[in-house]
Amino acid sequence: MSKGQLFERLRREVRGEVLSDPLSRGLYSCDASFYQIEPLGVLIPQDESDVEAALAIARQMGVPVIARGAGTSQCGQVLGRALIIDTSKHLDRLLDLDAPNRTVTVQPGIVVDRLNTLLRPSGLFFPVDPATSSRATIGGMAGNNSSGSRSVRYGIMADNVQAIEAVLADGQRARFSEIPEDLQELQPGGTPRLLQLANRLRQLHAREKEELDRRVPKVMRHVAGYNLHRLSQGRCNLAEMLVGSEGTLAFFTRLQLALQPIPAHRVLGVCNFPSFYSAMQATAGLVELGASAVELFDRSVIELAQASPLFRDSARRFVKGDPQALLLVEFTGSEHGALLKKLDALEQALGDLGFAGAVVRAEDTAFQNEIWTVRKSGLNLLMSMSGPAKPVAFIEDCSVPLQHLAEYSDCLVQIFQRHKVKGTFYGHASVGCLHVRPLLDLKQKAAVKALRAIAEETHELVHRFKGSHSGEHGDGIVRSEFIEPMLGKRLAAAFREVKECFDPHGLFNPGRIVHPPRMDDRSLFRYPPGYGLSQPIRTALDWSDQGGLLGAVEMCNNNGACRKRGAEVMCPSYRATRNEHDLTRGRANALRLALTGQLGPDAFTSQEMHRTLDLCISCKACRRECPMGVDMSRMKIEFLDRFRQRHGIPLRDRLVAYLPRYAPLASKMGWLLNLRNRSGALSWLGERLAGISARRTLPRWQAVRLPDEGQGAHQEGRLPVLLLPDTFNTYFDPENLSAARRVLQAAGCSVMVAKPAGERPLCCGRTFLSMGLVGQARREAERTLAFLKPWAEKGIPIVGLEPSCLLTLRDEIPALLPGKEAKRVAEQALLFEEYLCSRSESGQIALDLDRLPVSKLLIHGHCHQKAFGAMPALLNTLRMIPDLDVQPIESTCCGMAGSFGYDADHYEVSMKIAELSLLPAVRQADHDTWIAADGFSCRHQIRHGSGRPSFHAARILAAAL
């Protein structure tokens, strides 16, 4: 069998996408573990019939198959030299909801958070809540036997899966569910093959019952091997046998899940402890208070949360003093008053332990959600630690009885000290399952040696405390080889019999659970011997703070947070296409593989790499929302700079890049250029020649003249402000600049305009950067810095209106021109609303505002406003207007993204992004509701997609003067 024959048959016999190129295989060679194994190829099936057809082809051709969901596994479960079948794109539907019986049937690719969103109107939810719930698929969770923060109340996946429909290795379909004591009763509804499997499993269980009772740890969190111990000779559920099997026994196509009523109320107490050991000693007593969750943060996670732009404000609210550990204790119930008494009891319990005043009460839902968001980002925060040594997952899944938790933790610290490494601790204290990760640099041979030694010593320790080495993340590559040392040769042999019974020819995910490789086989590592840059690269931007460009790319740990589809921004293009290569993770992996020579010579500047980065709209959401701070927008600039040098720049991109330079002349001919919007022929010609979509109306040129520097000179007794006009508000929306001046003057400011006398206006270089012309951008940045430097040195705020332009002063320019000048200007650069909000809160200015003719205002935040945390300032500033209900639109990017949406090739994706959340929200708004959008391109997308106008905050505030 050749790979070519395999892919030829797949393309002929299935309707889904077949990916066989080196880049696609590279993107599917990683999960969130430290392993990397290139698959034979990838199938993204359209439906269940595609799955069956692909399995038949694989069986006939002797090709192994691995089922994959979100690819967030931490143990290498979904990696191998096999055909990967990705169910997350199309097999993601809720098929049937039986609310009276509290069950739901779903396809394996549905994400648990999305499932719970769909279930919310019924008052029910699926209670297994892993930290990756924003992207974890139900199929993957069942494969791993996942759990979550509230397992002490609701159990693990094996407790919540009622039935699984699956395709077996021989091609037969079977439904695994509860079976009767008398297996003959299975005949009417079951196949002979299912009866055979049930019989054989019953025999194995009966034969090994004593050994199972003796060797299987008596802890809730035990998922090692197969769930043979959960069977019985009476009624039992065969679905539990497939849960935790990691796709080695069958291919799941449908799962029936048990649901729970959504708790009417929740409260949360954050317990601040002066030492880690005291937190561990207190855990058992806190669980006995009836908590639904008790979760741990150690000092490392606390410090990283306090330093994170995304979480620092939340951390200030729930961290008291300088604690060494936090325990998050949650209570749920039907009566809020009773839960408040539970918090009182928690405070009393901490006081009795000598920690009076150590509890921060989170009684409102919003505050609780903030805290849980930080908890769910625990791993990602840890992975953002600077330096080559990173927290490595290999003993992070051990679970011990609560009475041993403190001593176990202390012994672990001693192990780390012997090996001269540091460790991080967080996780599910309520069930004794701590996610412990030693810091190791797995590029170094000595670190790999320590990896093995620490694993063996830790497992001996867990065995001594009668715990489990595999608590919820599964076995995969990293733990499968330790099943035999931990559970004994006899049970390991029994597991091999289970595999033989289901899959005698090794079709499904070979080498996991049984017949595993060594966990420290460096040939399977993401960073194998000899890994590194294939050739030196001279970067256009400064990456020194991240260990170079490769170090910045390697910050992506493949956790898949960019796959989320909630109210945040990241990642707009993935939300539209659902393709791995349109994901921040996929792009980071592509760049890493190219830089290290794994995709062949010149891959970094190839057309394939350009296609991978093409739909990155430089929203910068990953800069803020990715807990590792992977800045794909900046990486795209670096790539495009090299790509343009090799391939040149097309006309459309050149027109966009050089806009600030020809805008002064073009604006004088605006009457002529604006004819394009009134002529179908001219629009068609523009698309043919320059690639500008004929379906778009272009912004109207306006003839304007800005005052030169010195006009509107500083007036004594007023706060000096330097207003920085940008290209877009200068030549297309000058009324915004006029409105901003009026508002600032009304606030008591002396407004000066940043325009060199007798020269064209300043430019931040944004348009050049977006097209990869870094040299031209640097020239503009140098000119702008030279003008702004004297103002910045005097401490005069530099205020701008267009988020993408003003924030370039704070982001890209310091990377283009590192040094004191750029830093000083960046410190003084403020968005219009940031300036008004901060000076108003400090009492330096005051605005006398009146009511507007409308009572409600919906705000669409520019992606860069969100990325730099400027949305609170925008909301607070507009809330200064009396009797105005100001509400943000929960939306991802508008889809226009500067010039992106004007490109004919990008039009469909642009509109699809806009339709995800923004445009529906605008259309549903009452006609007496105004829409606010500070972004120039955002306003044009809203007008184009909804027909409604939107206004810059400056215009709205000016209207209220």
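These legends walk through several close-up views of one predicted model. Local features here need pLDDT of at least 70 and side-chain atom pairs count only at pLDDT 80 or more, while totals for chains, interfaces and linings use all residues. Residues are numbered from 1 along each chain as its sequence is written, and side-chain values use heavy atoms, with hydrogens and water left out.

**View 1. Inside the largest cavity.** The structure holds 8 cavities of 30 Å³ or more, and the largest has about 720 Å³ of space in it. Its lining takes in 46 residues, with Thr72, Gly140, Met141, Asn144 and Ser146 the closest to the centre. A cavity here is a set of points, on a 1 Å grid over the protein atoms alone, where a 1.4 Å probe fits but cannot get out, and lining residues have an atom within 4 Å of a point. Grid points are joined across faces, edges and corners, and the volume is the space filled by probe spheres set on the points. Helix 5 (138-144) is one of the elements supplying at least two lining residues, and so are strand 3 (65-68) and helix 14 (365-376). Helix 5 gives the most, with 5 residues. Helices (H or I, at least four residues) and strands (E, at least two) are DSSP runs, numbered from the N terminus. By class, the lining has 15 nonpolar, 25 polar and 6 charged residues.

View 2. Helix 31 (727-731), helix 33 (766-770) and helix 35 (803-806) each bring at least two residues to the lining.

**View 3. A buried lysine without a partner.** Look in helix 26 (residues 632-647) for Lys636. Lys636 is buried yet has no salt bridge, and the nearest side chain of opposite charge, Asp614, is 5.4 Å away. Buried means under 20% relative accessible area, exposed over 50%, and partly exposed in between (1.4 Å probe, protein chains only). A salt bridge needs a side-chain nitrogen of Lys or Arg within 4 Å of a carboxyl oxygen of Asp or Glu. As for charge, Lys and Arg count as positive and Asp and Glu as negative, with His and the chain ends not counted. Setting aside residues up to four places away in sequence, Lys636 touches Leu613, Asp614, Cys616 and Ser618; contact means heavy atoms within 4.5 Å.

**View 4. Salt bridges across the chain.** The whole structure has 70 salt bridges. In one of them, Glu52 pairs with Arg173, with the closest N and O atoms 2.9 Å apart. Glu52 sits in helix 3 (residues 48-61) and Arg173 in strand 9 (residues 173-176), so this pair links parts of the chain 121 residues apart. Glu52 is partly exposed at 29% relative accessibility, and Arg173 is partly exposed at 31%. In another, Asp903 meets Arg652 at 3.3 Å, N to O. Asp903 lies in the loop between strand 26 (885-888) and helix 41 (907-916) and Arg652 in helix 27 (residues 651-657), so the pair ties together parts 251 residues apart in sequence. Asp903 is buried, with a relative accessible area of 10%, and Arg652 is buried with 8%. Elsewhere, Lys620, Arg623, Asp631, Arg634, Arg766, Asp811 and Glu812 are linked in a salt-bridge network.

View 5. Most residues other than glycine have a negative phi, and most peptide bonds are trans. Met570 and Cys571, though, are joined by a cis peptide bond, with omega about -10°. Cys571 lies in the loop between helix 21 and helix 22. Asn145 has a positive phi, near 60°, and sits in the loop between helix 5 and helix 6 (151-154). Asn145 is buried, at 1% relative accessibility. Asn509 also has a positive phi, about 40°, and is buried with a relative accessible area of 2%.

How values were computed. On a 1 Å grid over the protein atoms alone, a cavity is a set of points where a 1.4 Å probe fits but cannot get out, and a pocket is an open set with protein on both sides within 12 Å along at least five of seven lines; lining residues have an atom within 4 Å of a point. Ala, Val, Leu, Ile, Met, Phe, Trp, Tyr, Cys and Pro count as nonpolar, Asp, Glu, Lys and Arg as charged, and the others, Gly among them, as polar.
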